[in-house]
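Please read the following report alongside the sequence and the coordinates. It moves from the whole chain to selected elements and then to single residues.

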Amino acid sequence: MGSARRGWAIQAAIAAIAIYLYVFTEWLFFVTKPSFMTDLGVLQKLQVLLVAPLPLLAAGAVALLVLWAPAFAARNRIARCISEMAGSFLAAAVLAAMFFLLVDNFTFTVMHFGVRSIADAARYVYAVLFLILIAFSYQIVNELRVKCSRSAAWRATALAAAALVLVSASATVVTHIASRSNAPLSDIHVVQLKNRPNVILISGDGLNARSMSIYGYNRATTPFLEEMADKMLLCENCFANADASLGSIASMLTGKLPTQTRVCYPPEILEGRNAYEHLPGILHKYGYRNIDVGMRHYADPIEMNMKDAFEYSSFRRVGKSRVSKFIESLSGENPFFFVRTMGDRISDRVLHAFGLRRMENPMAEVTGAGARYIKDAKRVDAMFSFIDEEPSAPFFAHLHLMGTHGPIFFPEKNVFSVKHRAKVPWSVDSYNDVILDLDRRLRHIVEGLQMRGILSNTVIVVCSDHAQRYAVGSRIPLVFLFPGEEHRGRIEANVQNLDIAPTILDYLGI
């Protein structure tokens with residue numbers, strides 16, 4: 001049994017060192033490029049490097065114990081060999097993931113192609129590459145295991161791994177103690193509300209108020225909104241707080257300026273209390289179910305690190321398990337975000353390579369390359385599907401519609417652009433048509449709420465993240481439809497997108 005224990009110790013040490021190598025290469029990648037770590041101090045960056053491996057080490061330890069269980073139970077040579085092979089495979093999988101990401105990072109950075117940018121048929125080349133890397137890594141791990149077992153080097157290997165784990169554990173303890181003083185939203189006193197109306201926040205991407213007939217435009221681009229004008233509260237002079245979607249939506253949902261949240265453009269993220277102090281988080285405490293139908297990377301609250309906010313975001317469930325919440329409470333905000341990002345990076349690429357799940361290409365989608373972004377009709381359907389899951393529960397939905405995103409527009413119907421259908425960047429006729437499409441979508445939403453019998457108990461807000469061509473000095477729309485047609489009229493004073501969240505909370509009596 002002495003040799004068996006030595007073999008298991010060597011395997012555990014190799015697996016731990018493999019995890020540290022993997023974390024270090026990913027950390028180095030994020031530190032040397034624009035990322036959420038860009039604005040962190042040196043000590044905070046080191047904290048991420050030292051603390052992030054611990055959750056992975058814990059998961060690896062559990063996996064090794066499961067893989068070794070047959071050998072412990074059977075106590076025979078065959079079971080031990082099988083367990084050793086399985087343990088080597090675990091370390092090999094970690095190294096293969098590291099090599100796979102290094103290759104993809106290199107090809108995408110230097111030669112501008114990678115897993116997510118190549119044609120669908122060619123992605124299976126990456127699947128074969130991943131399998132080759134697993135076989136290659138398995139050979140490396142086995143050679144290291146054999147060499148260590150035949151010399152005194154196994155003690156040095158085990159001690160080195162143990163020292164790394166001890167450093168990570170110490171850094172985690174310090175991080176946990178420091179983070180306990182920043183309890184999120186602990187000062188919010190939740191009281192019973194007399195009424196909990198639903199809230200739908202609809203933001204059209206890149207909308208100019210001056211191009212909408214409800215704001216006086218000479219073309220009938222918003223006939224439905226004009227029909228509803230007498231029932232709405234319309235803000236005549238609304239302005240965005242940032243020129244990009246991420247920063248603007250962060251301001252919209254937090255009620256804070258970008259200079260306070262330090263979020264203007266990806267990959268910047270919300271940190272500290274800003275990650276918890278926001279409209280969806282507060283509504284969640286009052287029993288609301290929340291969904292965000294946005295755009296990955298550029299307009300995604302989860303990727304901006306908005307905590308305890310949404311159950312669904314950009315067509316994926318984001319609810320945390322008790323285990324993940326526990327891990328985050330121990331490791332701290334930045335290391336946990338780093339580990340989660342690492343997991344998304346490798347899982348997205350591997351699943352895409354094997355044809356199991358399409359990996360999104362945010363740049364291709366927001367630029368309209370082949371009109372690949374998810375159609376607004378599907379976004380609306382996703383919201384209604386979420387509502388229908390629990391029709392009696394109050395909900396908050398943020399719906400970001402992309403049809404009006406430029407520079408190329410893809411109208412569903414050619415009305416103003418019927419004679420000019422060529423895809424010309426920033427075409428005024430096509431832009432007018434996609435605004436008309438959005439107006440039809442708003443009619444569909446209102447009719448859907450009415451059909452479900454919840455329109456009379458729903459607050460609807462229509463706004464935009466920024467004006468066309470990312471201008472911050474141009475007016476954008478902002479209209480409210482309150483239950484019972486309350487607070488209707490016009491506001492001539494200047495208002496901002498960051499006024500939306502406190503206005504909704506004030507209406508709810510929070």
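## Basis and overall make-up

This is a predicted model, in which local features need pLDDT of at least 70 and side-chain atom pairs count only at pLDDT 80 or more, while totals for chains, interfaces and linings use all residues. Residues are numbered from 1 along each chain as its sequence is written, and side-chain values use heavy atoms, with hydrogens and water left out.

The protein contains 16 helices and nine strands, where helices (H or I, at least four residues) and strands (E, at least two) are DSSP runs numbered from the N terminus. Along the principal axes, its C-alpha atoms fill a box of roughly 85 × 55 × 40 Å. Of its 510 residues, 52% count as buried, a term that stands for under 20% relative accessible area, with exposed meaning over 50% and partly exposed in between (1.4 Å probe, protein chains only). Among contacts (heavy atoms within 4.5 Å) between residues at least 6 apart in sequence, 73% join residues at least 24 apart.

## The H5 and H12 pair

Helix H5 (residues 123–149) and helix H12 (residues 333–353) have axes that come within 7 Å and cross at roughly 110°; the axes are lines fitted to C-alpha atoms, for helices over the stretch in contact, and angles run from 0 to 180 degrees between N-to-C directions. H5 is therefore roughly perpendicular to H12, given that angles under 35 degrees count as roughly parallel, over 145 as roughly antiparallel, 65 to 115 as roughly perpendicular and the rest as oblique.

On the H5 side the contact is made by Arg-123, Tyr-124, Tyr-126, Ala-127 and Phe-130, and on the H12 side by Val-350, His-352 and Ala-353. These residues divide into six nonpolar, one polar and one charged, with Ala, Val, Leu, Ile, Met, Phe, Trp, Tyr, Cys and Pro counted as nonpolar, Asp, Glu, Lys and Arg as charged, and the others, Gly among them, as polar.

Strand S1 (residues 198–204) is largely enclosed by the rest of the structure, because seven of its seven residues are buried. Both of its faces are covered, with Asn-198, Ile-200, Ile-202 and Gly-204 buried on one side and Val-199, Leu-201 and Ser-203 on the other. S1 pairs in the parallel sense with strand S7 (residues 458–464) over seven bridges, and Gly-204 stands opposite Ser-464 in S7. S1 also pairs in the parallel sense with strand S6 (residues 395–401), over six bridges, where Leu-201 stands opposite His-398; pairing here requires that DSSP finds at least two bridges between the strands.

Helix H8 (residues 245–254) has ten of its ten residues buried, so H8 too is largely enclosed by the rest of the structure. Its buried residues pack against S1, S6 and S7, as well as helices H9 (258–261), H10 (279–285) and H16 (500–508). Just after H8, Gly-255 takes a positive phi of about 70°.

## Cysteines and His-466

The structure holds zero disulfides, a disulfide being a pair of cysteine sulfur atoms within 2.5 Å. For Cys-238, the nearest cysteine sulfur is that of Cys-235, 6.3 Å away. Cys-238 counts as buried at 0% relative accessibility, and Cys-148 is buried with a relative accessible area of 10%.

His-466 is found in the loop between S7 and strand S8 (479–481), and is buried with a relative accessible area of 2%.
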